[in-house]
Amino acid sequence: MKVVILGIESSCDDTSAAILKDGVVLSNVIASQKVHEAYGGVVPELASRAHQQNIIPVVDQAIRRAGVTPEEINAVAFTRGPGLLGSLLVGTSFAKGFAIARGIPMIEVNHLQAHILANFIKEPGAENRHPGFPFLTLLVSGGNSQLIVVRDYLDMEIIGQTIDDAAGEAYDKCAKVMGLGYPGGPVIDRLAQEGDPARFAFGKPAIPGLDYSFSGLKTSFLYFVRDELKKDPEFIAHNLNDLCASLQKTIVDILMAKLKKAARQTGIKQIAIGGGVSANSGLQKAVREEAARSGWEVFIPRLGFSLDNAGMVAVTGYYKYLASQFVGLEAPADARMKI
Ligand code: KG4
């Protein structure tokens, strides 16, 4: 029998639906919410409202683009958490309604596990390279910065994580200080290309073990810019590229230091990066350079599957389907769901 899964993702500010058939992702539709740009960050209430508007058209398009019929869908996989509760509720409620209407089982998906399993997405006609087990993942997004050992599709252990802000949050908040738009990561990444990464030095945290911290960097960046603006009111405009390049180098250095330490400690040489910040050109370059030095084999999902998307939810749902891991209608959205 063919396995067709509808994946639903609505944990933050992207409404997404995907169709997977026998392990291959046939469609992955993402509606990003522009409404947050004016606020310099995601406004939870506005995010839930936009999900509410987007969910049905997005699912409809995903089914059409995949060329399947709703009757062919065997199970619906949905992001149960972690994320914003109001956002999660929209996807969770939709999944329940769809499952009841079609009489099919539901599969709960942890958003972080899905980012990791994005490395196993197969697309028609693509190269489809995947890591073997065990591999080490650096998961970096607007809400997470974690180092995870992956022993099997559904067997993962967090060995390090941020004790305060996530790396993407540092990008977004520093971008706000510079008056750049939201999300700030891609803008800083672009402006950094023309800047001098050694021009300014920002403090790096001294956190023991494999944990991260980014709140100190955000504060030191804010105070540095504020002090310089007193001397030159046009300081940001005069130094924008160098500020972005120096900030990017600091964030990448912090991420790489713990990734290298984790690889040494575990002896694992298959390295994957995932989450929105894995799209960063500086991080990708640093990981590839280290791969050449240390004999790592590196895996990075393509952009559409590294940002929030339902393709990764559908592929996680597929492995849970094969393991018969279903949930009942009582499964609530879980804003703090753990791996
Ligand atoms: O995974 P994602 O789409 O959403 C979650 O946070 O779950 O990640 C969004 C984050 C934002 O903080 C955004 O600024 C950051 O990923 N981001 C980047 C880049 N593209 C997205 N950060 C640095 N460089 C990029 N090229």
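Begin by selecting the ligand together with Asn-280, where a nitrogen atom of the ligand is 2.9 Å from an N or O atom in the side chain of Asn-280, a polar contact being a pair of N or O atoms within 3.5 Å, where within protein one must be able to donate a hydrogen and the other to accept it, and residues adjacent in sequence count only if both atoms are side-chain atoms. Taken alone, the ligand exposes 550 Å², and the protein buries 90% of that (accessible areas come from the Shrake-Rupley method with a 1.4 Å probe; for residues, only the protein chains shown count as cover).

This is a predicted model, in which local features need pLDDT of at least 70 and side-chain atom pairs count only at pLDDT 80 or more, while totals for chains, interfaces and linings use all residues. Residues are numbered from 1 along each chain as its sequence is written, and side-chain values use heavy atoms, with hydrogens and water left out.

Next, select Gly-276, which has a polar backbone atom 2.9 Å from an oxygen atom of the ligand, and then Gly-168, where the corresponding distance from a ligand oxygen to a polar backbone atom is 3.2 Å.

Now colour the helices (DSSP runs of H or I, at least four residues, numbered from the N terminus): α3 (111-117), α4 (167-177) and α5 (184-192) each supply at least two residues of the shell around the ligand, and the largest share, four residues, comes from α5.

Finally, move to Ser-246 in helix α7 (residues 235-266), whose side chain reaches the backbone oxygen of Asp-242 at 2.8 Å, while a polar atom of the Ser-246 side chain lies 3.1 Å from the backbone nitrogen of Phe-200.
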